[in-house]
Amino acid sequence: MCLEKLYRKSVSQMVSYLIFTTILVIIDQITKYLTVQNIDLYEVVEVIPNIVSFTYIQNTGAAFSILEGKMWFFYIITALVIGVLIYFMYSEAKNDKLLGYLLALILAGAIGNFIDRLLLQYVVDMIKLEFIDFAIFNVADSYLTVGVIMLMIYTFYDERKTLKENNGDE
(Lines give C-alpha, C1' and ligand atoms only; values in the text may rest on other atoms or scores of the structure.)
Protein backbone atom coordinates (compact mmCIF):
# COMPACT_ATOMS: atom_id res chain seq x y z
CA MET A 1 0.00 0.00 0.00
CA CYS A 2 2.80 2.43 0.91
CA LEU A 3 4.70 1.73 -2.35
CA GLU A 4 1.54 2.27 -4.37
CA LYS A 5 0.99 5.66 -2.71
CA LEU A 6 4.61 6.65 -3.37
CA TYR A 7 4.29 5.56 -7.01
CA ARG A 8 1.08 7.59 -7.45
CA LYS A 9 2.76 10.64 -5.92
CA SER A 10 5.73 10.26 -8.28
CA VAL A 11 3.48 9.94 -11.31
CA SER A 12 1.36 12.88 -10.15
CA GLN A 13 4.47 15.05 -9.73
CA MET A 14 5.75 14.05 -13.17
CA VAL A 15 2.42 14.90 -14.74
CA SER A 16 2.44 18.36 -13.13
CA TYR A 17 6.02 18.98 -14.35
CA LEU A 18 5.12 17.85 -17.86
CA ILE A 19 1.97 20.01 -17.94
CA PHE A 20 4.08 23.00 -16.85
CA THR A 21 6.61 22.16 -19.58
CA THR A 22 3.85 21.88 -22.19
CA ILE A 23 2.35 25.26 -21.25
CA LEU A 24 5.77 26.91 -21.52
CA VAL A 25 6.47 25.29 -24.90
CA ILE A 26 3.10 26.50 -26.19
CA ILE A 27 3.91 30.06 -25.04
CA ASP A 28 7.29 29.85 -26.79
CA GLN A 29 5.76 28.54 -30.03
CA ILE A 30 3.02 31.18 -30.00
CA THR A 31 5.60 33.99 -29.65
CA LYS A 32 7.58 32.54 -32.55
CA TYR A 33 4.45 32.15 -34.68
CA LEU A 34 3.39 35.75 -33.97
CA THR A 35 6.88 36.96 -34.82
CA VAL A 36 6.95 35.18 -38.18
CA GLN A 37 3.41 36.36 -39.02
CA ASN A 38 3.89 40.00 -38.02
CA ILE A 39 7.56 40.95 -38.45
CA ASP A 40 9.54 40.71 -41.66
CA LEU A 41 12.89 38.95 -41.57
CA TYR A 42 15.52 41.35 -40.12
CA GLU A 43 12.87 44.00 -39.44
CA VAL A 44 13.35 45.92 -36.17
CA VAL A 45 10.27 46.84 -34.14
CA GLU A 46 11.01 49.03 -31.12
CA VAL A 47 9.15 47.98 -28.02
CA ILE A 48 10.88 50.16 -25.42
CA PRO A 49 13.28 52.57 -27.17
CA ASN A 50 16.96 51.95 -26.36
CA ILE A 51 16.02 48.98 -24.14
CA VAL A 52 14.28 46.19 -26.07
CA SER A 53 13.11 45.59 -29.63
CA PHE A 54 11.78 42.70 -31.67
CA THR A 55 14.03 41.72 -34.55
CA TYR A 56 13.09 38.57 -36.44
CA ILE A 57 16.07 36.42 -37.42
CA GLN A 58 16.53 32.77 -38.36
CA ASN A 59 19.34 31.17 -36.34
CA THR A 60 20.82 27.98 -37.80
CA GLY A 61 23.29 27.64 -34.92
CA ALA A 62 23.31 27.87 -31.15
CA ALA A 63 23.77 30.99 -29.03
CA PHE A 64 25.64 33.69 -30.97
CA SER A 65 25.19 31.44 -34.07
CA ILE A 66 28.00 29.09 -33.04
CA LEU A 67 28.02 25.72 -34.83
CA GLU A 68 25.90 27.24 -37.57
CA GLY A 69 24.28 24.66 -39.84
CA LYS A 70 25.24 21.62 -37.71
CA MET A 71 21.65 20.42 -37.25
CA TRP A 72 22.62 16.76 -36.74
CA PHE A 73 24.71 17.84 -33.71
CA PHE A 74 21.78 19.76 -32.22
CA TYR A 75 19.41 16.84 -32.77
CA ILE A 76 21.69 14.43 -30.91
CA ILE A 77 22.57 16.79 -28.05
CA THR A 78 18.98 17.95 -27.57
CA ALA A 79 17.62 14.40 -27.54
CA LEU A 80 20.20 13.47 -24.89
CA VAL A 81 19.45 16.58 -22.81
CA ILE A 82 15.69 15.91 -22.96
CA GLY A 83 16.24 12.30 -21.86
CA VAL A 84 18.50 13.32 -18.96
CA LEU A 85 16.11 16.05 -17.82
CA ILE A 86 13.12 13.68 -17.82
CA TYR A 87 15.17 11.06 -15.97
CA PHE A 88 16.16 13.57 -13.26
CA MET A 89 12.62 14.94 -13.04
CA TYR A 90 11.41 11.44 -12.26
CA SER A 91 14.29 10.18 -10.12
CA GLU A 92 15.44 13.27 -8.20
CA ALA A 93 12.52 15.68 -8.18
CA LYS A 94 9.77 13.45 -6.83
CA ASN A 95 10.22 14.89 -3.33
CA ASP A 96 11.40 18.34 -4.36
CA LYS A 97 8.92 20.41 -6.36
CA LEU A 98 11.30 23.34 -6.82
CA LEU A 99 13.88 21.10 -8.46
CA GLY A 100 11.17 19.53 -10.62
CA TYR A 101 9.92 22.87 -11.89
CA LEU A 102 13.46 24.13 -12.54
CA LEU A 103 14.14 21.03 -14.62
CA ALA A 104 10.78 21.51 -16.38
CA LEU A 105 11.75 25.11 -17.22
CA ILE A 106 15.01 23.92 -18.81
CA LEU A 107 13.14 21.10 -20.58
CA ALA A 108 10.67 23.58 -22.05
CA GLY A 109 13.51 25.67 -23.45
CA ALA A 110 15.18 22.65 -25.00
CA ILE A 111 11.94 21.39 -26.54
CA GLY A 112 10.90 24.83 -27.80
CA ASN A 113 14.07 25.26 -29.84
CA PHE A 114 14.13 21.57 -30.84
CA ILE A 115 10.69 21.96 -32.45
CA ASP A 116 12.02 24.83 -34.58
CA ARG A 117 15.10 22.88 -35.62
CA LEU A 118 13.04 19.84 -36.59
CA LEU A 119 10.34 21.71 -38.48
CA LEU A 120 12.18 24.71 -39.89
CA GLN A 121 15.89 23.78 -39.85
CA TYR A 122 16.52 27.01 -37.89
CA VAL A 123 15.39 28.65 -34.66
CA VAL A 124 13.19 31.75 -34.70
CA ASP A 125 14.80 34.47 -32.57
CA MET A 126 13.25 37.85 -31.95
CA ILE A 127 14.16 39.57 -28.67
CA LYS A 128 16.96 42.11 -28.88
CA LEU A 129 18.32 43.98 -25.89
CA GLU A 130 19.28 47.40 -27.24
CA PHE A 131 21.29 48.57 -24.23
CA ILE A 132 23.99 45.88 -24.58
CA ASP A 133 25.68 44.10 -27.46
CA PHE A 134 24.05 40.69 -27.00
CA ALA A 135 22.68 37.96 -29.23
CA ILE A 136 19.07 38.13 -30.37
CA PHE A 137 17.18 35.39 -28.51
CA ASN A 138 13.71 33.91 -27.98
CA VAL A 139 11.43 32.82 -25.15
CA ALA A 140 12.84 29.26 -25.10
CA ASP A 141 16.35 30.70 -24.71
CA SER A 142 15.05 32.69 -21.73
CA TYR A 143 13.67 29.51 -20.15
CA LEU A 144 17.04 27.80 -20.61
CA THR A 145 19.05 30.70 -19.23
CA VAL A 146 16.85 31.40 -16.22
CA GLY A 147 16.42 27.68 -15.52
CA VAL A 148 20.16 26.93 -15.60
CA ILE A 149 21.04 29.96 -13.43
CA MET A 150 18.35 29.08 -10.90
CA LEU A 151 19.44 25.41 -10.93
CA MET A 152 23.02 26.47 -10.18
CA ILE A 153 21.84 28.63 -7.27
CA TYR A 154 19.57 25.82 -6.07
CA THR A 155 22.45 23.31 -6.23
CA PHE A 156 24.77 25.66 -4.34
CA TYR A 157 22.26 26.16 -1.51
CA ASP A 158 21.26 22.49 -1.46
CA GLU A 159 24.92 21.46 -1.11
CA ARG A 160 25.42 23.95 1.74
CA LYS A 161 22.31 22.62 3.47
CA THR A 162 23.51 19.03 3.08
CA LEU A 163 26.96 19.90 4.43
CA LYS A 164 25.42 21.61 7.47
CA GLU A 165 23.16 18.63 8.13
CA ASN A 166 26.06 16.19 7.83
CA ASN A 167 28.22 18.29 10.17
CA GLY A 168 25.43 18.54 12.72
CA ASP A 169 25.05 22.30 12.29
CA GLU A 170 21.61 23.76 12.19
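Tutor: A residue is called buried when its relative accessible area is under 20%, exposed when it is over 50%, and partly exposed in between. Keep in mind that this is a predicted model.

Student: Then is Phe114 buried or exposed?

Tutor: Phe114 has a relative accessible area of 16%, so it is buried.

Student: How many aromatic pairs are there?

Tutor: The count comes to eight aromatic pairs. One of them joins Tyr75 and Phe114, edge-to-face, with 6.2 Å centre to centre and 75 degrees between the planes. This pair links distant parts of the chain: Tyr75 is in helix 2 and Phe114 in helix 3, 39 residues apart.

Student: And Tyr75, what's its relative accessibility?

Tutor: Tyr75 is at 23%, so it counts as partly exposed.

Student: Which residues do ring pairs link into a cluster?

Tutor: Tyr17, Phe20 and Tyr101.

Student: What sits over the ring of Phe74?

Tutor: The charged end of Arg117, 4.2 Å from the ring centre.

Student: Switching to strands. How do strand 2 and strand 3 pair?

Tutor: Strand 2 (residues 52-59) and strand 3 run in the antiparallel sense, over six bridges. Val52 stands opposite Leu129 in strand 3. Five of the seven residues of strand 3 (residues 123-129) are buried.

Student: Which strand gives the most to the nonpolar patch?

Tutor: Strand 1 (residues 44-48), with three residues. The surface patch has about 670 Å² of accessible area together, and its members include Val47, Phe54 and Phe131. Val47 lies in strand 1 and is partly exposed, with a relative accessible area of 40%.

Terms used:
Residues are numbered from 1 along each chain as its sequence is written. This is a predicted model: local features need pLDDT of at least 70, side-chain atom pairs count only at pLDDT 80 or more; totals for chains, interfaces and linings use all residues. Side-chain values use heavy atoms; hydrogens and water are left out. Patches are made of residues with over 30% relative accessible area and no salt bridge: like charges are joined within 9 Å, nonpolar side chains (Val, Leu, Ile, Met, Phe, Trp, Tyr) within 5 Å. Accessible areas come from the Shrake-Rupley method with a 1.4 Å probe; for residues, only the protein chains shown count as cover. A salt bridge is a side-chain nitrogen of Lys or Arg within 4 Å of a carboxyl oxygen of Asp or Glu. Helices (H or I, at least four residues) and strands (E, at least two) are DSSP runs, numbered from the N terminus. Buried means under 20% relative accessible area, exposed over 50%, partly exposed in between (1.4 Å probe, protein chains only). Two strands pair if DSSP finds at least two bridges between them. Rings of Phe, Tyr and Trp (its six-membered ring) pair if their centres lie within 6.5 Å; planes under 30 degrees apart count as stacked, over 60 as edge-to-face and the rest as tilted. A charge sits over a ring if NZ of Lys or CZ of Arg is within 6 Å of the ring centre and within 35 degrees of the ring normal.
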